[in-house]
Amino acid sequence: ESKMQQDSAKRLTHIPRLQLPKRTKIYITQPIHNLDAVFDDFLSGKRKHTLTQWWLDLIEDRVDLYLRDQKYDFAAVPFNYIDERPKSMEAIHFNLNLIHQVIDTRNEQTRKHLEVSLIDPIKAEVYEVIDAFIQTSQSIVCLKLNEGIGSSFDRQRLVNKFNQEQDSFSDQERTQLRDIFRDLEYLEEMKVLEAKFFTTDATQSTGKPSDIVPITGLILSKLHRYENELNTVVQHWSRRRN
């Protein structure tokens, strides 16, 4: 084992939580013996892509499971519902009424029930993994910029340091570090938006609109897609009947 490998292994022990929780099934499956594997996984963007796809798939599955528990009939809408009339419009209307009840977040009792039974469990699972990603990404940035690990992470200060020292990095390294800084900024803003999603701050913000959608927004978006589909079915077949 070379001295470089020994040094890398020694430095690796200072990176917290390199492996994401095993129940997410997206952790690094083989032991990591040097920093190169970690750097490639995170700096290349592969880990962020895998992480993002994981939470999108999780939301899809959990929303469907929640609706199934509420007796939502997933077989009610035919695949080609524009040409094929649903076998039961009663089932369509039942689904639509159920969705309307679920997404009525103006009703505090309804919203609280939705948060406790669906939104909060998903958020807890997703943000645990996001926090692990953030922590490891921050550690990698610190190592790349020869900063100490363990102190508070000041992203803007490190961005400034990177800008001053970027000539010492290769073109690939510069691109990768810019990308990971953007990922960290995105996730920081995502958590801020999440914290105030149902607050007056979120509805009365005068700042420019954000293209960042927190987990709660993605959950509600999935429910609204079902609502839009059901509304389309009802409107289409009401016209065809007439």
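Good morning. The structure is a predicted model, in which local features need pLDDT of at least 70 and side-chain atom pairs count only at pLDDT 80 or more, while totals for chains, interfaces and linings use all residues. Residues are numbered from 1 along each chain as its sequence is written, and side-chain values use heavy atoms, with hydrogens and water left out.

I begin with the overall fold. The protein has nine helices and zero strands; here helices (H or I, at least four residues) and strands (E, at least two) are DSSP runs, numbered from the N terminus. Of the 242 residues, 42% are buried, where buried means under 20% relative accessible area, exposed over 50%, and partly exposed in between, with a 1.4 Å probe and protein chains only. Taking contacts between residues at least 6 apart in sequence, 68% join residues at least 24 apart; contact means heavy atoms within 4.5 Å.

I turn to one helix pair. Helix H3 (residues 46-69) packs against helix H5 (residues 108-144) at an angle of about 165 degrees, with the axes 11 Å apart. These axes are lines fitted to C-alpha atoms, for helices over the stretch in contact, and angles run from 0 to 180 degrees between N-to-C directions. H3 and H5 are therefore roughly antiparallel, a term for angles over 145 degrees. On the H3 side the contact includes Trp54, Trp55 and Tyr66, and on the H5 side it includes Ile122, Val126 and Phe133. The residues of this contact divide into 14 nonpolar, two polar and four charged. In this grouping, Ala, Val, Leu, Ile, Met, Phe, Trp, Tyr, Cys and Pro count as nonpolar, Asp, Glu, Lys and Arg as charged, and the others, Gly among them, as polar.

Next, helix H4. Its 14 residues, 89-102, reach 20 Å from the first C-alpha to the last, close to the 20 Å expected at 1.5 Å a residue; the expected span is 1.5 Å times one less than the number of residues. Among the buried residues of H4 are Ile92, Leu96 and Ile99.

Finally, the loops. Most residues other than glycine have a negative phi. Lys71, however, has a positive phi of about 75 degrees. Lys71 lies in the loop between H3 and H4 and is exposed, at a relative accessible area of 63%. Asn146 likewise has a positive phi, near 55 degrees. Asn146 sits in the loop between H5 and helix H6 (155-165) and counts as exposed at 69% relative accessibility.

Note on methods
Parallel < 35°, antiparallel > 145°, perpendicular 65-115°, else oblique.
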